[in-house]
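Visitor: I have a structure to look at, and I want to know what the words used for it mean. Can you take me through them?

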Protein chains: 2
Amino acid sequence: MATRVWNDQTGPARYVAPDPDFWDPKLSDAARRLLGSAVLCFARNGFYGTRTRDISAGAKLSAGSLYTMFDSKEAVFFEITRSGHIDTLACLNADPGDGTPTERLQRLVSIYVEWHARYHTVGRACQHDLAVLTEEHFAEIVELRHQIEAIFRNVVEEGAKDNTFDAADIDGVLRAIHSLSIDVTRWYGLDGTESPQSIAALYSKFALRIATPPPSS
Amino acid sequence: MATRVWNDQTGPARYVAPDPDFWDPKLSDAARRLLGSAVLCFARNGFYGTRTRDISAGAKLSAGSLYTMFDSKEAVFFEITRSGHIDTLACLNADPGDGTPTERLQRLVSIYVEWHARYHTVGRACQHDLAVLTEEHFAEIVELRHQIEAIFRNVVEEGAKDNTFDAADIDGVLRAIHSLSIDVTRWYGLDGTESPQSIAALYSKFALRIATPPPSS
DNA sequence: CAATTGACTGAGCGCTTGCTTACCGGGCAT
DNA sequence: ATGCCCGGTAAGCAAGCGCTCAGTCAATTG
């Protein structure tokens, strides 16, 4: 049988939740346990496929306790996506931002991909299920996404200006790099055993190839 | 405001279903209308987020009529993913398969990406929700996916053999190209107005860049 | 010690879900 | 005309859903 690199495993998914201190420190221990359980449920079965009882059971709490800490199931989901986007933004902003556009893009993609592999369950919620949010919550997430996109756009545009990157397809390059990076959340935990770092190294190399036109053209 | 290339639109999604004759010709007209309605519902809200009543209402049928044509909601979903994978495979196999690995990979990715843009609603079901299938149905889909992967692997391995493609990371290249291609189903219909053909042209170019190591390295 | 608090419980409400069943009407061979 | 499929309907069932709320009890306060 050929090596398989697509998500076609049939066993149980090896999804893992972030450490409790990934979540907002203002939340109680129980609330953070709830988020850890919820993010696993959402990654496995999506928003509509998870029951509030599954979430509370996973945190060793009763069914009603969820509603002492969150207004609704949607509020739980929102808190996950909010934390996820804020943490992503913080990781990207921690980059010094020096060096050539090539060096900077490689570092940014590396950070971004490693984040999506390490926090693949959070990433799934952030990238694949935003449509379940209320209009207000969705708008708040979109604002964060624009900030994240602007970081990448800034580097790609600068690289286009000095002709290291493809100036003709900046939007296409940005979208392709984004696609490449976040699709990690779809298969990570299902397929393969690579470390977040090795995936980040490989994919940031690919991102540079996407952005850089071959010399012949 | 900066151009936005991520899925952050707030209006209604512009999802479109395939023509009725996309579906198995053995099925009745009503059954194909049902599938057309179902694929839109599933694309919008996922498997667990759509009710069987939404599906039948979209086909202008009563609630019970779904069960005169399909055994269950899962059977409807399976029929969609089955048809989708079979059609994808047929489109890829229609390629003559001649020319250099570069030419062949470009054509294959172009076909694959155009398919996922044109049939973005079917593609969403095929790429993002397979976990809802029963074990038997899932195994059937996985078999089709292996055939699809083998087509791409064949070309990439051949290109690696004659040093046009990256021989060190064949699995990584395959997965990256796959990620790039199928992520189209996540944003197409939500964001942007490009034609399937123009996306296919751009992304097949990117796929070649991913597979081809830069001369310096 | 009694009084108060607050995190947590779990039975259960109102409603929705996937699916079943009893039924209907028109075309068709006899 | 008659009987009979057959594609489709309408009503409804049992189970499950998100969410509520009166109540429990250990910890804290005075």
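Guide: Domain 1 of chain A and domain 2 of chain A bury about 1300 Å² between them. Of that area, 80% is on carbon and sulfur atoms. This is a predicted model: local features need pLDDT of at least 70, side-chain atom pairs count only at pLDDT 80 or more, and totals for chains, interfaces and linings use all residues. Residues are numbered from 1 along each chain as its sequence is written, chains are lettered from A in the order in which they are written, and side-chain values use heavy atoms, with hydrogens and water left out.

Visitor: What makes an area count as buried between two parts?

Guide: Buried area is the accessible area (1.4 Å probe) that two parts lose on being put together, summed over both. In domain 1 of chain A, Val39(A), Ala43(A) and Phe47(A) lose the most to domain 2 of chain A. Together they make 43% of what that side buries.

Visitor: Where do the bounds of domain 1 and domain 2 of chain A lie?

Guide: Domain 1 covers 27-70 and domain 2 covers 73-211. Such bounds come from an automatic or database domain assignment.

Visitor: How many salt bridges does the rule find across the interface of these domains?

Guide: The rule finds zero between domain 1 of chain A and domain 2 of chain A. A salt bridge needs a side-chain nitrogen of Lys or Arg within 4 Å of a carboxyl oxygen of Asp or Glu.

Visitor: Why is the pair Asp166(B) and Arg209(A) called a salt bridge?

Guide: Their side chains meet at 2.7 Å, N to O. That is within 4 Å, so the pair passes the rule. Between chain A and chain B the count is six salt bridges.

Visitor: How much area is buried between chain A and chain B?

Guide: About 4600 Å², of which carbon and sulfur atoms give 59%. The contact (heavy atoms within 4.5 Å) takes 51 residues from chain A and 51 residues from chain B.

Visitor: Why is Arg32(A) called buried?

Guide: Its relative accessible area is 17%. Buried means under 20%, exposed over 50%, and partly exposed in between (1.4 Å probe, protein chains only). The value of 17% is under 20%, so Arg32(A) is buried.

Visitor: Which residues does Arg32(A) touch?

Guide: Not counting residues up to four places away in sequence, Arg32(A) touches Pro20(A), Trp23(A), Asp24(A), Pro25(A) and Leu27(A). The side chain of Arg32(A) also reaches the backbone oxygen of Leu27(A) at 3.4 Å.

Definitions and conventions. Polar contact = N/O pair within 3.5 Å; in protein donor to acceptor, adjacent residues only side chain to side chain.
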